[in-house]
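Please keep the structure open beside you as you read.

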Amino acid sequence: MQLGFFFFFFLFVALQAPDVAFSSHCTIVTISKTFEKCSTLPTQQASIAWTFHPHNATIDLVFFGSFISPSGWVGFGINHISPEMTGTRALIAFPDPNSGQLVLLPYILDPTVKLQRTPLLSRPLDIHLLSSSATLYGGRMATIHDGATIQIYATFKLVPNKTKIHYVWNRGLYVQGYSPTIHPTAISDLSSIATIDVLSATTAKEHNNNIRTLKIIHGVINAISWGILLPIGAVTARYLRHIQALGIAWFYAHAGVQLFAVFLGTVGFSIGIRLGELSPGRVYGLHQKLGFAAFCLGWLQTLALLFRPKTTNKFRKYWKSYHHFVGYACVVLGVVNCFQGFQVMGESSSYAMLAYCLCLSTLIGICIALEVNSWVIFCRKSKEDKLRREGLIGGSEKGSGSSRG
């Protein structure tokens, strides 16, 4: 069993190796202009090219993106404060709802937009935007369709002596009037942020790689603790306690597995908290809530061992009911949140997800086999008891049966 866990661990790490950072290539040449530098962006096959003018701190740039819907939108912007969506000054392109022609409008992404309290409305930017325009790949006669490539041109005046810029980009499925709606929330859509030094063309890869490594460790630890060990601990208590040959050993096995799972899960939970601090612009609401719930239930279950009444205590039955309810709730939440974690990391169709499903399926198969065996034994004993009551079983068997009771 331990060998299986180590195999699962190394398989998960291998399959969660960082993806190729950039899936598209950048270009400095467009139909209307040539730029000095370019850089591929880490998501959505986007890229950017620019020319920086140090003497007056202005930058001419072009963003290359693509639509995911004929009625969708593509946006690009700059955040001077921090690498996150909130606070970004953006230029968003979409088909005009009246004419169908491509339009480019400025938007300020304030906190109310992130919380979806109000629709996103166009308004002038409070930064030095000197010029802006947008064209579809293929010229003016090109049409907007799923996969259509767009180029957004802009000239900004930057803060003097500050060459590192936080770029934010994204795309959505549709527009309500002139208000772009929320973008998809897959990991690639929530990771569309890059910090680039426009003077040296270097990106903040080390920070992103550190976050990626923490995500892998967080996922591996939690998948093993909450998603595998905790269910195994519950199975140990349910099916081994009735084996008389084991005596009290089943309890120590159950408690040991559960304690190790909770302590290991606490490490994974702490890493998750740290990831939240390192990624202020990304919110995984359901995953976070399920994680907090599983963590609290796990420790409630652990602390309950300190208040475990003796078998002769009248409150023992209430404690057992509490222990069973909290334990099974923690197991269910832990497993569900593991699947939610795969979705958050964008690995819902990966081999790592398949490996976890195989481990979980094996455990479920063992539970089914043990449950069937328990029912067979229960039915057999019930039949023997009935025969004893009817006097159809000899005294020696009856005696031996009473001695077992």
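1. Let's begin with Cys38, which has a relative accessibility of 21% and counts as partly exposed, because buried would require a value under 20%. Please keep in mind that this is a predicted model.

2. Which residue is joined to Cys38 by a disulfide? The partner is Cys26, with 2.1 Å from S to S. The link between Cys26 and Cys38 is right-handed, with 45° about the S-S bond. Cys26 lies in the loop between α1 (2–15) and β1, while Cys38 sits in strand β1, so that the pair, 12 residues apart, links distant parts of the chain. Cys26 is also partly exposed, at 24% relative accessibility.

3. A search of the whole structure finds 1 disulfide. Cys359 is in no disulfide: its nearest cysteine sulfur belongs to Cys357 and is 9.4 Å away, whereas a disulfide calls for sulfur atoms within 2.5 Å. With a relative accessible area of 29%, Cys359 is partly exposed.

4. Next, look at the open sheet, where 5 strands follow the order β1-β2-β3-β8-β7 with antiparallel pairing. Because β1 (37–40) and β7 (129–136) each have a single partner strand, they stand at the edges, and one side of each has no neighbour in the sheet. On average, neighbouring strands of this sheet are turned by 15° against each other, direction ignored.

5. Finally, how many bridges join β3 to β8? There are 9 between strand β3 (residues 58–66) and strand β8 (residues 149–157), and the two run antiparallel. As a place to look, find Val62, which stands opposite Tyr153 in β8.

Technical notes
Residues numbered from 1 in each chain as written. Predicted model: local features only at pLDDT ≥ 70, side-chain atom pairs only at ≥ 80, totals over all residues. Heavy atoms only, no water. Pairing = 2+ DSSP bridges. Helix = DSSP H or I, 4+ residues; strand = E, 2+ residues; numbered from the N terminus. Axes fitted to C-alpha atoms, helices over the stretch in contact; angles between N-to-C directions. Buried < 20%, exposed > 50% of the residue type's maximum accessible area, 1.4 Å probe, protein only.
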